[in-house]
Amino acid sequence: MSVFLQFIFITVAIFLIITMYMTWTVEKTMQASYWLILFLVGISILFLIANSEIMFAFQLSIYGGGISVLLLFAALLAQHDDYLFVGDSIFGKIQGLRTQISVFLILAINLILLPILAITNTNYNTENSVLGDSERTVSEAFLDTARFSHQLWTEYSVVIPFLSLLLLTALLGSIKLVIREWELEELSDIMKMRYETKEDAK
Amino acid sequence: MIDATWYLGLSGFLFAGGLFGVLTQKNAMRILISVEIMLNSANLAMVAFNGMFGLGIGNLDGWIFALIVIGVAAAEAAIGLAIFLSVYRNFGEITVSNIFTLKEQEVAN
Amino acid sequence: MSDYDPNQLPFNALFEWLNNFKYINISDNVVGVLAVVLGTFLLGTYILVNQLIAPWVERKVMARMQGRRGPVYVGKWGVLQIPADLIKLLLKEDTRPIGADRVGFFLAILLTAVTSILAFAPLPWGTNQLVPGNFSIGILYIFAVFSIFPPAMMIGGWASNSKYSLIGGFRSAGQLVAYEIPMFFSILGVVVVTGSFSLIKITEYQYTNGWNLIDHETAFMGLVLGFIFFISSVAETERVPFDIPEAEAELVMGPRTEFASWRYALLMMTEYLHLFINSLLFIYLFLGGYNPIPWAINESSALWNFATHPFVQFLTLTIKVYLLVVIAGWMRAALARLRIDQLLNLGWKYFLPVSLFALMILLGLTIMNGDIDPNKALPLE
């Protein structure tokens, strides 16, 4: 059964890399937004394989349900398209100093990370590892979810008030940034009738 | 068993990809999208670490921190998009290299 | 119930039955996979057959309430009308507007259809029978899978490259996001009283406590939350009186305007699947699930064997679902459509505070009754 899970992992990993590539190279911002939505769904499937069902639910509902709608609305209201890679050939695509430096950076970071992983792999004590463990029973999954909510109430009880204050501040701040006071002359006739006060009518 | 290094390697690769997007994109919306990619790859590493060390002994710190990161990413996306909308109203575009009022510079193509 | 084992494999009853045919020595894994395939096939057939009957029921009910007869020509009493519609739709030409985004056009259909079918996973059709996935997060899973529907509608509206679709997509997303929150608070109320997200445990709780809708121990907060959940689910499935995104006289079909033959068929299937899932959720959370008895019974009662018989459970569930389909048709025939600002006012200004207060009262009463103890320590191993 774990071969099946490994196969799913590799498929989802390739899917994630493809969607990440598409967010860089499509023309319109809306298209980049929906490739990002597919990326977020792929990450949530990886959470499910890593035996955390509740993170799967949170990722899908918060990212895929909330932030996606936010991104789609903003992409429609500030629509401005541009192209990342100009030209058809490989060398036409890698033009510009910024692109070259950044391509160098991505290769450098990868080449640094993978040997570090290989070196420190021997120090990982993977006896208790349950990633891709197909012998894990359903009662243990129930217990994990119960422990998660229990820890949010007792040990980490500052998380939910902290997040709620942060999100409240973000909500009020973003409304204040975006709000626009209309002059009465800019409105159409029907809206003028609705919002006209007695002082304006004089 | 899925080896833990698979998760960490994938997380590193996606993080580098998000970083590439932040450094090369000219559209502010796409920069925000690449930042979201980076945050998600960090979440993936967090959940993988929890599965490696914590689930066997009932320790769920990784999941809780991943939840905090998701909340912070939501707040940051909201404020960032509000700023982008204000900038779009005033300048007519979101290309980050063209938005300057503090110094004399030609408009880059 | 005492014989419910949460560790059982999916489709355990089928697994046991297939084990009787094991004449050659094949491993348990193969039999397990075969049980899953057979079970998925049976469940899928049941759901799709219901998709062919539920629109017919709704159309007949609507028609009789409006003083006419509905479909009568195709088959006896017009039963074959929906398969005929389906065949007609599939044989039409698949058009796509000029300038429509190809990937986005396909993605909207893909996301809505797939998430509607996936949401059937944690629903039990009886104790110990036909549960595809007993997640620890049963209801949360359905809610998470449903929350992909608003972005998918917006993508579909934008990708159609048409003004009506775009505006319809905006309205749809605004409405759906506004009513997800009261729905979630109502779900939270039931989850707090029961102590588990799993739908099987919620139904078991209603065996020993009576249906949640008419529970007097919670000062009838179950009734308030059930009412809010029902109306929020009507708004979530975009039915009348909340069908402003599909407003036929104004927006043609809203975000679904430009979708042609098989895409339209999938969208209609999605609409009725959503109706089904939300009716099933209301039934599991508030109307007792597959429990045919509204009041509290326990094992010593005379009705226990009747109430836990698998076939009775299955039949009860089907009858309750069709009752809710009839109510949906009734609302569609009788009610007018709300305006978009009335709709959003109702969601944000009235339902959200009422559901929040009801949830707080419910929490207080449950702690006072001693049913849950938030400081109880959990076993670590």
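In chain C, what percentage of contacts between residues at least 6 apart in sequence join residues at least 24 apart? It is 77%. Two residues are in contact if their C-beta atoms, placed from the backbone, lie within 7 Å.

Before you start: this is a predicted model, in which local features need pLDDT of at least 70, side-chain atom pairs count only at pLDDT 80 or more, and totals for chains, interfaces and linings use all residues. Residues are numbered from 1 along each chain as its sequence is written, while chains are lettered from A and ligands numbered from 1 in the order in which they are written.

**Stop 1: chain C**

Select chain C. It has 13 helices and zero strands. Helices (H or I, at least four residues) and strands (E, at least two) are DSSP runs, numbered from the N terminus.

Of the 381 residues of chain C, 42% count as buried. A residue is buried if 20 or more other C-beta atoms lie within 10 Å of its own, exposed if 12 or fewer, and partly exposed in between, with C-beta atoms placed from the backbone.

Now select Ile98(C). It lies in the loop between α3 (81-90) and α4 (102-118) of chain C. Is Ile98(C) buried or exposed? It counts as exposed, because it has 5 C-beta neighbours inside 10 Å. Ile98(C) and Ser162(C) are 64 residues apart in sequence, but their C-alpha atoms are 9.8 Å apart in space.

**Stop 2: chain A**

Move to chain A. Here there are nine helices and zero strands. Buried residues make up 28% of its 202 residues. Among contacts in chain A between residues at least 6 apart in sequence, 52% join residues at least 24 apart.

Select helix α1 (residues 2-25) of chain A together with α2(A). Their axes are 9 Å apart and pack at an angle of about 160°. Axes are lines fitted to C-alpha atoms, for helices over the stretch in contact, and angles run from 0 to 180 degrees between N-to-C directions. α1(A) and α2(A) are therefore roughly antiparallel to each other. Angles under 35 degrees count as roughly parallel, over 145 as roughly antiparallel, 65 to 115 as roughly perpendicular and the rest as oblique.

α1(A) passes α2(A) in a left-handed crossing, meaning that the near helix is turned anticlockwise from the far one by less than a right angle. Show side chains here. Among the contact residues of α1(A) are Leu5(A), Ile8(A), Phe9(A) and Val12(A). Those of α2(A) include Trp35(A), Leu36(A), Phe39(A) and Gly42(A). By class, this contact has 16 nonpolar, three polar and no charged residues. Ala, Val, Leu, Ile, Met, Phe, Trp, Tyr, Cys and Pro count as nonpolar, Asp, Glu, Lys and Arg as charged, and the others, Gly among them, as polar.

Next, select Gln79(A). It sits in the loop between α3 and α4 (90-93) of chain A. Gln79(A) is partly exposed, because 14 other C-beta atoms lie within 10 Å. Gln79(A) and Lys28(A) are 51 residues apart in sequence and 8.0 Å apart in space, C-alpha to C-alpha.

**Stop 3: where chain A meets chain C**

Show both chains. The contact joins 25 residues of chain A to 26 residues of chain C. On the chain A side, α2 (29-49), α3 (53-77) and α6 (138-153) each supply at least two residues. The largest share of that side, 11 residues, comes from α3(A). The chain A side divides into 14 nonpolar, nine polar and two charged residues.

**Stop 4: where chain B meets chain A**

Switch to chains A and B. This contact takes 62 residues from chain B and 71 residues from chain A. On the chain B side, α1 (4-24), α2 (28-54) and α3 (61-91) each supply at least two residues. α3(B) gives the largest share of that side, 20 residues. By class, the chain B side has 43 nonpolar, 15 polar and four charged residues.

Finish on helix α7 (residues 159-178) of chain A and α3(B). Their axes come within 8 Å and cross at roughly 5°. α7(A) and α3(B) are therefore roughly parallel to each other. The residues of their contact divide into 19 nonpolar, four polar and no charged.
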